[in-house]
Amino acid sequence: MSYVNMKEVLENATIYPNPAVDNVTISFGTTIENALVQIVSLDGAQVASQELFNTSEISINVASYPAGIYLVKVTAAEHTTVKKIIKE
C-alpha cells in the first residue's frame, strides 16, 4: 500500500461505538500491515498503546477507563491520524 493510500485509510478509519462503555472497535476497511494505536487522555497521559500487524480491525477494552474524552492516535507508514472517543 502506498504512503498516500495509507494516509487515506487512516483518515477514513471508523471508531464504534462512540460513545463507548466497555469496548471500542477501530476499523480500517483494509488490512494494515504495521501500525501503532495509542489512546491518550486530554491531559496528555498515554492510557494504552498497542502495535498492530496484518489486521483490518482492533477492539480495545475501555471498561476500566474513567468517563471522559480520549484521543485515539493511529500511526502507520509515517502517517498519523487522531480521532476522538467518548467513554461513558
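Colleague: How much accessible surface does the protein chain have, and what share of it belongs to carbon and sulfur atoms?
Modeller: The accessible surface of the protein chain comes to about 5100 Å². Carbon and sulfur atoms account for 48% of that surface. Please keep in mind that this is a predicted model.

Colleague: Which helices and strands are there in the protein chain?
Modeller: The protein chain has 1 helix and 5 strands. Along the sequence they follow the pattern α-β-β-β-β-β. The radius of gyration is 12 Å, close to the 12 Å given by the globule rule for 88 residues, so the protein chain is as compact as a globular protein of that length.

Colleague: What are the spans along the principal axes?
Modeller: The C-alpha trace spans about 35 × 20 × 20 Å. Of the 88 residues, 34% are buried.

Colleague: How do strand 2 and strand 3 run, parallel or antiparallel?
Modeller: Strand 2 and strand 3 run antiparallel and are joined by 13 bridges. One of the residues involved is Val24, whose bridge partner in strand 3 is Ile60. The hairpin of these strands has 4 residues between them, and Gly44 takes a positive phi near 95° there.

Colleague: Where does Gln38 lie?
Modeller: Gln38 lies in strand 2, which covers residues 23–41.

Colleague: What does the side chain of Gln38 join up with?
Modeller: A polar contact of 2.9 Å links the side chains of Gln38 and Gln46. Beyond its neighbours within four places in sequence, Gln38 is in contact with several residues, including Ala48, Ser49 and Leu71.

Colleague: Changing topic, how many aromatic pairs does a search of the whole structure find?
Modeller: The search finds 1 aromatic pair. Tyr65 and Tyr70 form this pair, which is tilted, with 5.5 Å centre to centre and 50° between the planes. Both Tyr65 and Tyr70 are buried.

Colleague: And Lys83, which strand is it found in?
Modeller: Lys83 is found in strand 5, residues 79–87. At 23% relative accessibility, Lys83 counts as partly exposed.

Colleague: Which residues is Lys83 in contact with, leaving aside neighbours within four places in sequence?
Modeller: They are Leu10, Glu11, Ala13, Ile15, Tyr70, Leu71 and Val72. A polar atom of the Lys83 side chain lies 2.9 Å from the backbone oxygen of Glu11.

Colleague: How far apart are Lys83 and Asn23 in space?
Modeller: Lys83 and Asn23 are 16 Å apart, C-alpha to C-alpha, and 60 residues apart in sequence.

Methods
Residues are numbered from 1 along each chain as its sequence is written. This is a predicted model: local features need pLDDT of at least 70, side-chain atom pairs count only at pLDDT 80 or more; totals for chains, interfaces and linings use all residues. Side-chain values use heavy atoms; hydrogens and water are left out. Helices (H or I, at least four residues) and strands (E, at least two) are DSSP runs, numbered from the N terminus. A polar contact is a pair of N or O atoms within 3.5 Å; within protein, one must be able to donate a hydrogen and the other to accept it, and residues adjacent in sequence count only if both atoms are side-chain atoms. Contact means heavy atoms within 4.5 Å. Rings of Phe, Tyr and Trp (its six-membered ring) pair if their centres lie within 6.5 Å; planes under 30 degrees apart count as stacked, over 60 as edge-to-face and the rest as tilted. Buried means under 20% relative accessible area, exposed over 50%, partly exposed in between (1.4 Å probe, protein chains only). Two strands pair if DSSP finds at least two bridges between them. The radius of gyration is taken over C-alpha atoms; the globule rule is 2.2 Å times the number of residues to the power 0.38. Accessible areas come from the Shrake-Rupley method with a 1.4 Å probe; for residues, only the protein chains shown count as cover.
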